[in-house]
Amino acid sequence: MRRYDAVKAIVDCLDDEFIVACNGLISRELFSVKDRTRNFYMLGSMGLSSAIGLGAALARPDKKIVVLDGDGNMLMALGILATVGVFLPKNFVEIVLDNECYESTGGQDSASPVTKFDAISSSCGFRNSGFVDSLDDLKKMLTVFLNSDGPSFIHVKVDRGRVSVPRVSISPVEIKNRFMRELES
Amino acid sequence: MLLNECGFDFYTGVPCSVLGNIINYLSESDRFMYVPATRESEALGIAVGAYMGGKKPVVLMQNSGLGNSLAALTSLVLLYRFPILLVVSWRGYLGKDAPEHLLMGKYMLDFLKVMNVPTRVLSADVLEEQIVDSVRVLAEEKVPVALILRRGVVE
């Protein structure tokens, strides 16, 4: 499955949930698939998308937070899974789109081919953890997890390769302000 | 605790012996949340998320952790203008400490100055004014503020 199609499938499953998207092509693809005021595009600070998502989930237990991550971001921040495991927020969903490489910088190999992210999350105490490698399974699992108490984790294996997408054209301060306004409401 | 009176209601960070009593106090209290982060950059990410969710967060760390925080400070906290209070211990103060603390102890204030992070070295006699002033800077300028804590200034 192409990562772009996975992003599209995820957005199709969502309603009023909040998305924190990691830096690089994943934010750009999300922006291209569907820009929403409930999307937070993390432009830099690689590795911190799940931390931002956790902070928002702890501050607002009444809002569902979905983190869209890549394998590179997740590998840089495996420690956050332990931190999530301490608090086990019911409203936290982490999705790792794993193409086994750093696509945004030209496709250099990452360390993820043998990494079972779903098993790591499960070991850290996540209530739901799963692995999928097809669009149908992704939609089914996400729908189930969105209707269950989290924290939930989906490891999604996707193909290497990229489609042509523009950069996020909203200023960082505006990304923050509109996301905050939505979280306040 | 003065920080609570100023409205700070969400704490995260990585411990330092200088901050030990403060973190113990926060962890044991059920009035607010302390999130033990696995690294300082993660604490900044958590604080950013909590801020967007309506909290007033504080990040506590040893100054060695400022090195771990560089990308998070420049490409997240400063870039998006997140007003997050940092409480940073000053290991290596006056060059008297274990060897691993001496260089960061020497360069820390320059490092914060280069990044344009408003910084106050806390003193027991003017502590309240320093914190009240920091709250004003956070609110008015929407930038992070660093409070530097030397051993013995706050118990």
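## Sheet of chain A

In this predicted model, six strands of chain A make up an open sheet with parallel pairing, in the order E2-E1-E3-E4-E8-E7. Strands are DSSP runs of E of at least two residues, helices are runs of H or I of at least four, and both are numbered from the N terminus; two strands pair if DSSP finds at least two bridges between them. Strand E2 (39–41) and strand E7 (128–132) of chain A are the edge strands, each pairing on one side only.

Within chain A, strand E4 (residues 92–98) and strand E8 (residues 152–157) run parallel and are joined by six bridges. The bridge partner of A:Glu94 in E8(A) is A:Phe153.

## Strand E6 of chain B

Four of the five residues of strand E6 (residues 145–149) of chain B are buried, that is, 20 or more other C-beta atoms, placed from the backbone, lie within 10 Å of their own. Five bridges connect E6(B) to the parallel strand E4 (residues 85–89) of chain B, where B:Leu86 stands opposite B:Ala146. Three bridges connect E6(B) to strand E5 (residues 119–121) of chain B, also running parallel.

## Interface

Contacts link 26 residues of chain B with 27 residues of chain A, a contact requiring C-beta atoms, placed from the backbone, within 7 Å. H3(B) gives the largest share of the side of chain B that touches chain A, nine residues.

## Basis of the model

Residues are numbered from 1 along each chain as its sequence is written, and chains are lettered from A and ligands numbered from 1 in the order in which they are written. Local features need pLDDT of at least 70 and side-chain atom pairs count only at pLDDT 80 or more, while totals for chains, interfaces and linings use all residues.

Conventions. Two residues are in contact if their C-beta atoms, placed from the backbone, lie within 7 Å. A residue is buried if 20 or more other C-beta atoms lie within 10 Å of its own, exposed if 12 or fewer, and partly exposed in between; C-beta atoms are placed from the backbone.
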